[in-house]
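Morning, everyone. Let me put the model up, and then we'll walk through it piece by piece.

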Amino acid sequence: MSVTAPAGFDAAGVAVGLKSTGKRDVALVVNRGPLKVGAAVFTSNRAKANPILWSEQVIRDGVVEAIVLNSGGANCFTGAFGFQTTHLTAERVGELLEVGAGDVLVCSTGLIGTGDEVFRAKVLEGVAQSVAALDAESGQAAAEAIMTTDSVSKTVVRSHDGWTIGGMAKGAGMLAPGLATMLVVLTTDAVLDAADADAHLRAATRVSFDRLDSDGCMSTNDQVTLLASGASGVVPDPDAFRRALTEVCLDLAVQLQADAEGASHSIRITVVHAATEDEAVEVARSVARNNLFKAAIFGNDPNWGRVLAAIGTTQAEFDPYAVDVEMNGVRVCSNGGPDRPREEVDLTPRETDVVIDLKVADATATIYTNDLTHDYVHENSAYSS
């Protein structure tokens, strides 16, 4: 049931014609309480969609009654009209649920520039249909309604010591730090206050969604939201809750990675023995964003030279002639030179592990990415809906 697995939440997912496929395209998640706690993190892209601008205001007081999401149109770069659409959407939700519009988060995903009068009318109709369809069994329907180029819905549920976390996510491209072209809704029936919810969410996203870097392209509409109903009546151990939330976020991030547009390899790049965690991230990300490396993996070529060339562009502390590189368990580079024969590396499985040993200190970090394929180019040249 994903977002409706925790007690205190209803959801809906309906189809109103925003997608040319006729599939579900408006989702609604409502927190029935008793607590109405919310926290959110947003894209760091300076070019922000209208729903992001709205939701950044809503979340300031940490009170959220509901979140409404649509696919089939990003409502980004649609001017004052588009912002008014977002406002009207929140007002319609508030009116039908008898809550304040200022406590309703709004998310949109789809083609940038989509958000005309027809779009507005369909979204508002979607709100009405969603409110009518709300129940505690429709988490999956909501997860399907937020999909765009996704081939599958992404959901997760974890239960611990009397409380539960549920989640849904969408995203299959433009997966880069500062979040990604993703919308994520996380729900819990644990008892949390707004400050704790915010702290836990930021800690979890830092090592999950912010480490997902599919193609180096940052979206305008990214939002990850955590809602807490307190319906379990259980105050969780803070460390246990943060660990569980991080597990949920990592699970969803890996699901997003596995569904990356056109990808044939899911690549996990781990940097070990770096001077600092930030430097480990910088090194791993430099490889994840290197098109030559990504193309080599697509061709099942363990070209470790492209790894060294990529990390040489960073400011991290390391000696290029001390670095080791492993691919799928085979050390192909030792101390900046050839080690085992490339023929020993099997890159035919989808799961691909790259380990880079900088031999400087004890910090480590992992970045999740994928290869660069013909299908990725085709999908992004043809995508317009």
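Start with strands S6 and S7, residues 163-170 for the latter: they run antiparallel, joined by 7 bridges. On that pairing, His160 stands opposite Trp163 in S7. Keep in mind that this is a predicted model.

Now widen the view. S6 and S7 belong to an open sheet of 5 strands, in the order S3-S9-S8-S7-S6, with mixed pairing. Which strands stand at the edges? Strand S3 (37-42) and strand S6 (154-160) do. Each has a single partner strand, so one side of each is left without a neighbour in the sheet. Direction ignored, neighbouring strands here are turned by 10° against each other on average. Helix H5, residues 194-206, lies across S3, strand S8 (183-188) and strand S9 (223-228). H5 runs at about 35° to S3.

Next, the other open sheet. Inside it, S2 and strand S4 (residues 66-70) pair in the antiparallel sense over 5 bridges. Val29 stands opposite Ile67 in S4.

Val29 and Ile67 come back when we turn to the cores. The largest nonpolar core has 44 residues. Both are among the residues with the most contacts inside it, a group that also includes Leu28, Val68 and Met168. Strand S2 (residues 26-31) gives the most to this core, with 5 residues. There is a second, separate core of 33 residues, including Ile267, Val323, Val330 and Ile367.

Last stop, helix H8, residues 291-298. Which of its residues are buried? Phe293, Lys294, Ala296 and Ile297. They cover an arc of only 160° around the axis, which puts them on the same side of H8. The general rule: an α-helix has 3.6 residues a turn, so residues three or four places apart point the same way. The buried residues of H8 pack against several elements, among them strand S10 (266-274), helix H7 (277-288) and strand S15 (363-370).

Now the two ends. Asn290 caps the N-terminal end of H8, with a side-chain oxygen 3.1 Å from the backbone nitrogen of Leu292. Just after H8, Asn300 takes a positive phi of about 60°.

Conventions: Residues numbered from 1 in each chain as written. Predicted model: local features only at pLDDT ≥ 70, side-chain atom pairs only at ≥ 80, totals over all residues. Heavy atoms only, no water. Core = buried A, V, L, I, M, F, W, Y, C linked by side-chain atoms within 4.5 Å. Buried < 20%, exposed > 50% of the residue type's maximum accessible area, 1.4 Å probe, protein only. Helix = DSSP H or I, 4+ residues; strand = E, 2+ residues; numbered from the N terminus. Pairing = 2+ DSSP bridges. Axes fitted to C-alpha atoms, helices over the stretch in contact; angles between N-to-C directions. Contact = heavy atoms within 4.5 Å. Arc of directions from axis to C-beta. Polar contact = N/O pair within 3.5 Å; in protein donor to acceptor, adjacent residues only side chain to side chain.
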